[in-house]
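Okay, thanks everyone, let me put this one up on the screen.

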Amino acid sequence: MIFDEYSYLSPGESFPGVEIESVEGDDIITWGSDRIILLNFFIVPCKHCKKMLEYIQEQIWPDFQDAGGHFVSIGREHSKAEVKKFRDEGNYLVPFAADPDRSIYNQFAQKKVPRNYLFDDKGKLVYQTRGFDLDQLSTLGKIMNDLRT
């Protein structure tokens, strides 16, 4: 698990009491859902973020969606309009949210993207990644599969 000087959460810590709304205005994640939660943070100009989203959409999202987990990719310091444009231009199918003032991101880390945070069905942090690293993503997928069984 990648924990660095910029991350605010440690293994076993609880999901911060934050509600996340999609760019369409629907609630995506609320605390207390008893479901596995995977959050992805990105910024639009980041090419590693785009690679991460492509990987998630192809390798992680289909199984995760079938298992009923909560997933959202959050555009740090981007408006809803910017995130929608990014989603549409990239042909992404995963849920997106905007975090124009960093109020969500600031509960997880100080800086650096892309980042992923995986919480179990009790809301405890079980894994996190930073950057685009296939070994970390493979481990993320394995842990997600273990949590679903």
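So, let's start with F15, which sits in the segment before β1. Keep in mind that we're looking at a predicted model. Is F15 buried or exposed? Its relative accessibility is 4%, so F15 counts as buried. And look who is across from it: K124 is 109 residues away in sequence, yet the two C-alphas are 6.1 Å apart in space.

P11 is exposed, with a relative accessible area of 52%, and the cut-off for exposed is over 50%.

Which rings does F15 cluster with? Ring pairs link F15 with F41, Y105, F108, Y117 and F119. One member of that cluster, Y105, also has an arginine on it: R76 lies over the face of the Y105 ring, 4.9 Å from the ring centre.

How many aromatic pairs are there in the whole structure? The search finds 13. One of them is F42 with F86, a stacked pair, with 4.9 Å between the centres and 20 degrees between the planes. What I like here is where the two come from: F42 is in strand β3 (residues 37–42) and F86 is in helix α2 (residues 80–90), so the pair ties together parts 44 residues apart in sequence. Both partners are tucked away, in the sense that F42 counts as buried at 0% relative accessibility, and F86 counts as buried at 7%.

Okay, last stop, helix α1. This one covers residues 47–66, so 20 residues by the helix assignment. From first C-alpha to last, α1 reaches 28 Å, close to the 28 Å expected at 1.5 Å a residue. Where is the kink in α1? At I60, about 55 degrees, shortly before the proline P62.

Now, which α1 residues are buried? They are C49, M52, L53, I56, Q57, I60, W61 and F64. As a reminder, an α-helix has 3.6 residues a turn, so residues three or four places apart point the same way. Keep that in mind when you read down that buried list in α1. I60, where the kink lies, is among the buried ones.

And just after α1, G68 takes a positive phi, about 80 degrees.

That's my tour, so over to you for questions.

Key: Residues are numbered from 1 along each chain as its sequence is written. This is a predicted model: local features need pLDDT of at least 70, side-chain atom pairs count only at pLDDT 80 or more; totals for chains, interfaces and linings use all residues. Side-chain values use heavy atoms; hydrogens and water are left out. Rings of Phe, Tyr and Trp (its six-membered ring) pair if their centres lie within 6.5 Å; planes under 30 degrees apart count as stacked, over 60 as edge-to-face and the rest as tilted. Helices (H or I, at least four residues) and strands (E, at least two) are DSSP runs, numbered from the N terminus. Buried means under 20% relative accessible area, exposed over 50%, partly exposed in between (1.4 Å probe, protein chains only). A charge sits over a ring if NZ of Lys or CZ of Arg is within 6 Å of the ring centre and within 35 degrees of the ring normal. The expected span of a helix is 1.5 Å times one less than its number of residues. The bend at a residue is the angle between axes fitted to the seven residues ending there and the seven starting there.
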